[in-house]
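Here is a short report on a structure, covering the folds of its chains and its nonpolar core. Look at the model first, then read on.

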Amino acid sequence: MSTSEYQIERDILIEAPVEVVWRTITEPDQITLWFADKVDLEIKPGARGYMGFGDQGGPVMVETVEPPTRFSFRWNHRAGEEPAPGNSVLVEFTLAGEGEHTRLRVVESGLDLLRRPDIDKQKYADEHTHGWGEFLDRLAGVLAERA
Amino acid sequence: METEPDDELWAAIADPSRRRVLDLLVQRGEASASWLAGQVPFTRQAVSKHLVVLEEAGLVGRRKQGREVLYRVDADRLDQASRAMADVAQRWDRRLATIKRLAEAAHAQAQRPT
């Protein structure tokens, strides 16, 4: 159900051309440097593969491959379940040239946020929330007042 | 006792109109369903439904005062949920920083005259 979907959006400016950033986010051996530990995936629309996080992992499906501007995939950590809307996380990258540089934007959306192998629950307590989203900002303020 | 955030909690907080109800409760401290219904563009029935979901997720508690039922936010539980969201955002910040480092290094290498 879309009513319980979450969506998180982040972006960064990279001092490299779009083509270089594209290779960094789409080549499986590069993906292992910033995302999953193990990536067994062909980068073409509809391709199915696997991503591993430590001793856990699950099936991945490539959705969009539009070099060098759009790349998206779905993954689901439950073994045996094919990633589809409603049971998986969608990760969408958009690359936009800004002069010689590249604005890389990522949108993660999906359900089941809190039962994922790449979430390090131990870290919750150590990391403080920092500003994204009006709701959480205000919330953090209220909670701090009460503490 | 260790309490972990769960799907129910997540679903409860991810819905925008439920967040609106939560927001109002956070600001007000304690409120009845009819007071809440007066503040939002949806019906009293919708507010009651949202309160049920929020209560089941442990985000909201209730007490009776005379003939009224008053609702209030469970701050610890809400804090847990907001941390989970912030954690996802932070992990992407770290990943994007790594991508930036990798791409800039690859670019610098390609620029180097041979």
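The model is predicted. Start with one residue. Leaving aside neighbours within four places in sequence, V21(A) is in contact with I14(A), A16(A), L95(A), T102(A), L104(A) and A103(B). That list includes A103 of chain B.

**The core**

V21(A) belongs to the largest nonpolar core, a set of 52 residues. Which members touch the most others? They are V21(A), L104(A), L25(B), L54(B) and L59(B). In soluble globular proteins, nonpolar side chains tend to be buried together.

**The two chains**

| Chain | Residues | Buried | Helices | Strands |
|---|---|---|---|---|
| Chain A | 147 residues | 28% | three helices | seven strands |
| Chain B | 114 residues | 36% | five helices | three strands |

Now take the order of elements. Along its sequence, chain A reads β-α-α-β-β-β-β-β-β-α. Chain B reads α-α-β-α-α-β-β-α.

How far apart in sequence are the residues in contact? Consider contacts in chain A with a separation of 6 or more: residues 24 or more positions apart account for 33% of them. In chain B, among contacts between residues at least 6 apart in sequence, 53% join residues at least 24 apart.

How values were computed: Residues numbered from 1 in each chain as written. Chains lettered and ligands numbered in written order. Predicted model: local features only at pLDDT ≥ 70, side-chain atom pairs only at ≥ 80, totals over all residues. Core = buried A, V, L, I, M, F, W, Y, C linked by C-beta atoms within 7 Å. Buried ≥ 20, exposed ≤ 12 C-beta atoms within 10 Å, placed from the backbone. Contact = placed C-beta atoms within 7 Å. Helix = DSSP H or I, 4+ residues; strand = E, 2+ residues; numbered from the N terminus.
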